[in-house]
Amino acid sequence: MNMVAWYNRSAILLLVLAISAYATASASPEFAVLAIPAVVALWRLSSRKTGRFLLPRLVVNILLLAVMVFAALRAQAGFNVQTIAEVVVLIQVIKIGDRRQPRDDAQILSMSVFLAIAAMLDSNGMWTGAQLAAFLPLLMMTVMLYQLYQGAVSAGAGATETPAGRQSSFRRQLRATCGLATVGTLALSLIVFVLLPRGIGANAFGSMGVAQHARETAFTNSVKLGQQGIISSSPSIVMDLVVRNEGGENLGGADLVQYLRGAVLTDYDGMGQWSASIPDRPQRAETQMIPGESPFPVGSPVVPMIEQSVSLRGTSGKDRWQYLFALWRPTRIQFSRPGYLTHELQSHVLRAKIDPGPFDYTVWSSPVESPRDIDPARTPVPRGSDRLRSIATGILDRFGIDANPESRPQEDDTRAARAIQDYLRTNFTYTLEQESPPGDQDPIEYFLQERKKGHCEYFASAMVLLCRSVGINARMVTGYIATEFNSSTGAYVVRESNAHAWVEAEDKDHHFKRYDPTPQDDLMRLHKPASGLFGRLQHALEAVEYAWNSSIISFDERTRQRLLGPTRGEQAGWLGRIQRVSNRVSNAGGKQVLAALINGVAVFLAVTSAGLVLSWIVRNVRIRLGGRTSISRAIATTRNDSRLYTKLLRALARQGLAKPGWRPPLEHAGALAAVSAHLAADVRRVVDSYYRERFGGHTPEGQEKKALLELVRRVKRFRPVR
Amino acid sequence: VIYIVVTFFVAVGAINSQNNLLFASLGLAIGGLLISGILSGASLMGTRLERIPSGPLRVGERAVLGYRVRNVNRLFPAFGLTITEPQSESVTWPRHIRPPRGFVAHVGARGECILELPVDPVRRGRMSFDVARISTTFPFGLARKSVSFSLPYWLVVHPVELPVRAAVLRKLTVRAVTGAGAAVVPGEGDEFYGLREYADGDSPRWIAWRRSARTGQLVVRQNTTPMPRQLWIVLRTPREGEPRGGRELERAIAIAAALARGAFKEGAAVGLAIPAAGIALTPQSTPRALRQSLDHLAVLDEGSLRTGFDFPGSSVRSAASVVVHAGEVDRGFGSSRSYHVSALDPGDVLAPGPELDRGLALLDFPAADLRPGKPRRARA
């Protein structure tokens, strides 16, 4: 493969990767499906016509005009990254079909870089990142090859060609240089990445550079029973959650379930519709959040405190309030990006207005309510229908609890709520099947009296209404339950399918406590993480994705300071860093360090083995596709520049006159004289040509090549005298 | 510039959005710039350049300038090296050739590469070189780094080859043979020259036995060696008061050179006389002598020619000569055995055809066409 062919191959791969990265980032596979074949086909065609027009100039001009019109039309609806990327790809396609000079190639490569940047602006996802990570070394290699290609074309006759005998050395050294450049660039970029301060100048230029790809989840702040609602079977990840106590100890575990509150639904219309009542100003605090500043208080701090680091994979979009998820009851919160925060004082619902894209925040919760935050006046409770009241009375009677709130001691409220929860858990069945109630019947009454099966929304709705009917203040909470703990990352993976609804009911101390009336066995079965080989693979992949998100996407000023800046009482400089590392190691304990080492070695071995197996497969597939025999493989896979010679070896092998690996070609040709002088002469001529090509840089062309091919055919047709 | 602009926008986007992928891109952009500088610098630091001397060139004939590129670096190979000759006041090559530009894709660590840059000289004269430069934009094309080598060197560009009519050449060389200047000396030819007394060291085969027997004294035969045919080429430049024309002089020089080459090919010893420059090279039939004559014609400077001069002395006058006049033919300038050619009307001497058209077009080649980037255009 000469330099130009090598460059062509690299460049086309680079284009494909850039388009693919952008299509992944913008979640538009149709973009890739249309653009990639067009780019590949045009590149292949135009590579054969270097320096000439593939498309007539008139056609090119018309196409460019069409692109301009398209851009203008799109610009009317708003000129965003997507429009620019689409225009770039269209121009790229036209450019490839146009005249091909080195300068045009440079423009095409530049457009690929623009496309990669557009992908970054669109998404920070791991798959986009993975493709961009592959894009980087390929870009370097292609640019290097372009430099050589362009230099050779510019110098014209003054360019020296690398002799055929030195091609492999040239390729080897170029690859090594590319590797060196890639490693060096990555190392320097890592230093720059870490050293650059974060948080300065954020949002100074509006939304410039902000990832535009908003992400919608199934989570809503309203529930309509009998409809899809928050119920989803999608395995896509909504967030990663790390839960720690005040000492920094991870509180997560495979058998520990965390309830992440989102919206609190209080209003029920009697026909299956739940909605959140957004309180007015006095009950709602709104503030601007600045990253890097100390955590903002959203309630009175009470120990013990649970720290939750939440990484939302995407937020819903600009100018929209995004629910933030936290354990009961949030007291402090800190943002990684600037934005606005709304805190509802009664329900402790947190919402944020931020730019779209991944978003990290840390929230501290305390399961104990501060007396200062409690409203001593008992909230009036809507009592609901008589039928519900009779059901609730029946349940409480079974447990010997007075159903009348006037006469019931307040201490029994908790018992009453638990009784209703247990009643629902034991007498009703969990199902995801949807069924509408007949006529205009209340779906809750239908669920309680007739159907007796439903999903979490039905259970939570029923419990809230039953509690209310006996004078217990209750509300429905929607959010996610975190059940899937990844021990390798120490984080919970929360998926769309983990959306859930449960209940908070007020006790005698005016504290809201969580109740989950959904049958727990069914709930755990549904939210059980995938097991088996596929599950483990999925876990490993998610661990990588988590690492990507936590170390690259979520890298903020706080992390930077933690990495670089000396903390109070610690020594600055390298000595301080060494001290901190040793402190961490000693805190973690030898067992954990050993586990980390074993994990590291295992991952290294796994990756290396996978790479070796893959390269073995690729090599074998290539040999199979090339049709080389086992006899010629040893030579063909080393430094074979002549197809003719390979054909000759194959022909000889078929005749049973295979050249032993140790015997030089000319000597073998001489040895064939014992079989047939004519055959030996033919073989010798082909071998001579191979020597001239291999060592003299003379490639047979035209008539000479035809004559040599004829010789090889004669060798194939040769019939030895028996 | 584009790179810096893009990097700037990436930086602004990263700071504004706090998008870490953009921060990473900014890091890559800065890292790439630094690595580009380091790699290109490292490879250039170990690169050495030498000239490979070559013989004289000729106007209108493709030749090569030879260079040897060595990489003394033990580890780093050098890639994408561009070799150029920078223009300066001290060099004269820009008057003769377009800027030479060579490219070496790869020189391995401790390796070397021979580079031959094709050049097409368009004007005669002495072509001097001084500094040669190796530059590279490898690996990423972000910055061009270069290293210069002081390699003073000069080459002579001989006048353009004009086709001379074969009949004229025959006529001139025959005239050279039959002239009085065709002296005969004893030697080892085939013709009988005379007898002389035997001397020690003479071969017994040379002894003329019959004569020796008659005279009683050993005598040996001597054969002749014919003197080479001698032809003087005399270039007559304008005298005082005569119109001077650079184009005519160039044409006269080219005709003189063409005659010299033609006569040499016919086996004649060619001498060159340029009275205005005080040059008189005695006829010799060696390639070196021809080259010397052509060298003188190549470097002849119009400004240094005298306007008062006479036909050269007796040695030229007694031999066959062809006088090439830069202006009108002056038959008084020369001897009775002189053949006259005028640059104003060389039709009798030069053979018409595409080769002549091309040669004459090259003589008229405008100097401006050698500017870099402008396509070369020859006027017929």
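The dialogue below goes through some features of this structure, from chain A as a whole to single residues.

Q: What kind of model is this, and how are residues and chains labelled?
A: This is a predicted model, in which local features need pLDDT of at least 70, side-chain atom pairs count only at pLDDT 80 or more, and totals for chains, interfaces and linings use all residues. Residues are numbered from 1 along each chain as its sequence is written, chains are lettered from A and ligands numbered from 1 in the order in which they are written, and side-chain values use heavy atoms, with hydrogens and water left out.

Q: How many helices and strands does chain A have, and what share of its residues is buried?
A: Helices (H or I, at least four residues) and strands (E, at least two) are DSSP runs numbered from the N terminus, and chain A has 21 helices and 21 strands. A residue is buried under 20% relative accessible area, exposed over 50% and partly exposed in between, with a 1.4 Å probe and protein chains only; buried residues make up 48% of the 722 residues in chain A.

Q: In what order do the strands S2, S5 and S6 of chain A form their sheet?
A: Two strands pair if DSSP finds at least two bridges between them, and here the three strands form an open, antiparallel sheet in the order S2-S6-S5. Strand S2 (222–224) and strand S5 (267–268) of chain A are at the edges with a single partner strand each, so one side of each has no neighbour in the sheet. Two bridges join S5(A) to strand S6 (residues 273–275) of chain A, and Tyr268(A) is opposite Trp274(A) in S6(A).

Q: Which helix lies across this sheet, and at what angle to S6(A)?
A: Axes are lines fitted to C-alpha atoms, for helices over the stretch in contact, and angles run from 0 to 180 degrees between N-to-C directions, while contact means heavy atoms within 4.5 Å. Helix H11 (residues 456–469) of chain A lies across S2, S5 and S6 of chain A and runs at about 80° to S6(A).

Q: How do H10(A) and H11(A) cross, and which residues make the contact?
A: The axes of helix H10 (residues 443–451) of chain A and H11(A) come within 10 Å and cross at roughly 95°. This makes H10(A) roughly perpendicular to H11(A), a label for angles of 65 to 115 degrees, where under 35 is roughly parallel, over 145 roughly antiparallel and the rest oblique. Among the contact residues are Phe447(A) and Leu448(A) of H10(A) and Phe459(A) and Leu465(A) of H11(A).

Q: Is H10(A) mostly covered or mostly open, and what covers its buried residues?
A: H10(A) is mostly covered, with seven of its nine residues buried, including Glu445(A), Tyr446(A) and Arg451(A). The cover includes S5, helix H8 (386–398), helix H9 (412–427), strand S16 (453–454) and H11 of chain A. Just after H10(A), Lys452(A) has a positive phi of about 60°.
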